[in-house]
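Please examine the sequence and the model shown below. The questions that follow ask how its parts are arranged.

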Amino acid sequence: MPKPIRILVWGKYALFSRPELKAERYSYDIITPSAARGIFDAIYYHPGLKWQIKRIYVQKPIKFANVRRNEVTKKILASDLLRAANGSGEPIFIDRAESIAQRAATVLYDVSYVLEANFNLVPEKMGAGDSADKFYAIFCNRVKKGKCFTQPYLGCREFTAFFEPFPDDVEPETIGEDRDFGIMLYDLDYTEEGNIKPMFIRAIMKNGVVDLRDCEVLR
């Protein structure tokens with residue numbers, strides 16, 4: 001298996017919403033492992049591999065900001081699109097004037113992380129010419145050129161994540177703090193069809209680093 005990959009990720013704002021606070025959103029103190037994995041997937045997704053976050057290096061002081069955002073209370077359902085495709089004649093849109101809602105959010109401000117990850121292979125979804133070395137080379141090439149399948153974001157699509165490769169032979173600078181962030185969302189378990197289950201961890205930062213290699217996953 002190729003050595004772990006490190007990328008530098010930064011942005012002006014970030015919102016990694018706590019699941020217990022939905023109406024008025026409040027961010028976790030740092031990026032969650034699932035959001036970090038989403039950034040790797042946005043850069044290079046292949047069904048034959050599954051990203052796993054190993055370490056999160058927090059490079060800038062943790063700062064919060066309060067913002068208000070206009071949101072809508074409805075969403076267009078797949079069933080609505082299907083009826084329209086079958087000729088129902090029903091208009092497919094959301095009336096912003098009727099569905100608008102202003103919500104407050106406590107977001108992170110001026111964030112920067114070095115994300116270290118590796119991947120596990122999914123043999124049944126790999127092609128004949130696929131291999132770990134091939135996936136590793138493709139990802140590294142895409143990061144160097146700034147390519148991505150979809151624009152990575154920091155918790156919300158309006159908070160763009162910028163990224164670039166981080167050297168393997170350089171130790172990332174961190175804020176050098178120790179903190180216990182408590183229970184944090186780790187990822188979602190999709191193994192049981194129709195029943196998505198959240199997984200959590202006890203997130204502890206030591207000297208600015210959250211080490212996820214041997215963390216206990218709570219279900």
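The questions and answers below go from the whole chain to single residues.

This is a predicted model, in which local features need pLDDT of at least 70 and side-chain atom pairs count only at pLDDT 80 or more, while totals for chains, interfaces and linings use all residues. Residues are numbered from 1 along each chain as its sequence is written, and side-chain values use heavy atoms, with hydrogens and water left out.

Q: How many helices and strands does the secondary structure of the chain come to?
A: Helices (H or I, at least four residues) and strands (E, at least two) are DSSP runs, numbered from the N terminus. Along its principal axes the C-alpha trace spans about 60 × 50 × 35 Å. The secondary structure comes to four helices and 11 strands.

Q: What percentage of the residues in the chain is buried?
A: Buried means under 20% relative accessible area, exposed over 50%, and partly exposed in between, with a 1.4 Å probe and protein chains only. The chain has 219 residues, and the buried share of them is 39%.

Q: Among contacts between residues at least 6 apart in sequence, what percentage joins residues at least 24 apart?
A: A contact means heavy atoms within 4.5 Å. Of the contacts between residues at least 6 apart, the share that joins residues at least 24 apart is 75%.

Q: Which residues does a second, separate core include?
A: Tyr113 of the largest core touches, among others, Ile7, Ile31, Ile56 and Leu108, not counting residues up to four places away in sequence. Apart from that core there is a second one of five residues, which includes Leu8, Tyr57, Phe166 and Val209.

Q: How many residues apart in sequence are the parts that the pair of Tyr13 and Tyr109 ties together?
A: Rings of Phe, Tyr and Trp (its six-membered ring) pair if their centres lie within 6.5 Å; planes under 30 degrees apart count as stacked, over 60 as edge-to-face and the rest as tilted. The pair of Tyr13 and Tyr109 is tilted, at 5.5 Å centre to centre and 55° between the planes. Tyr13 is partly exposed at 27% relative accessibility, and Tyr109 is partly exposed at 33%. Because Tyr13 lies in strand S1 and Tyr109 in strand S5, the pair ties together parts whose separation in sequence is 96 residues.

Q: Are Trp51 and Phe119 buried or exposed?
A: Trp51 and Phe119 form an edge-to-face pair, at 5.4 Å centre to centre and 85° between the planes. The pair links strand S3 with strand S5, and its two residues are 68 residues apart. The relative accessible area is 3% for Trp51 and 1% for Phe119. By the cut-off of under 20%, Trp51 and Phe119 are buried.

Q: Which residue lies over the face of Phe149?
A: Phe149 belongs to one aromatic cluster with Phe40, Tyr44, Trp51, Phe119, Phe135 and Phe139. A charge sits over a ring if NZ of Lys or CZ of Arg is within 6 Å of the ring centre and within 35 degrees of the ring normal. At 4.3 Å from the ring centre of Phe149, the residue over its face is Arg142.

Q: How wide an arc do the buried residues of H4 cover around the axis?
A: An α-helix has 3.6 residues a turn, so residues three or four places apart point the same way. In H4, Ala132, Phe135, Tyr136, Phe139, Arg142 and Val143 are buried.

Q: Which exposed residues does the face of H4 turned away from its buried side carry?
A: The buried residues of H4 pack against S1, H1, S3, S5 and strand S8 (162-165). The face turned away from the buried side carries the exposed residues Asp133, Lys144 and Lys145.

Methods:
Core = buried A, V, L, I, M, F, W, Y, C linked by side-chain atoms within 4.5 Å.
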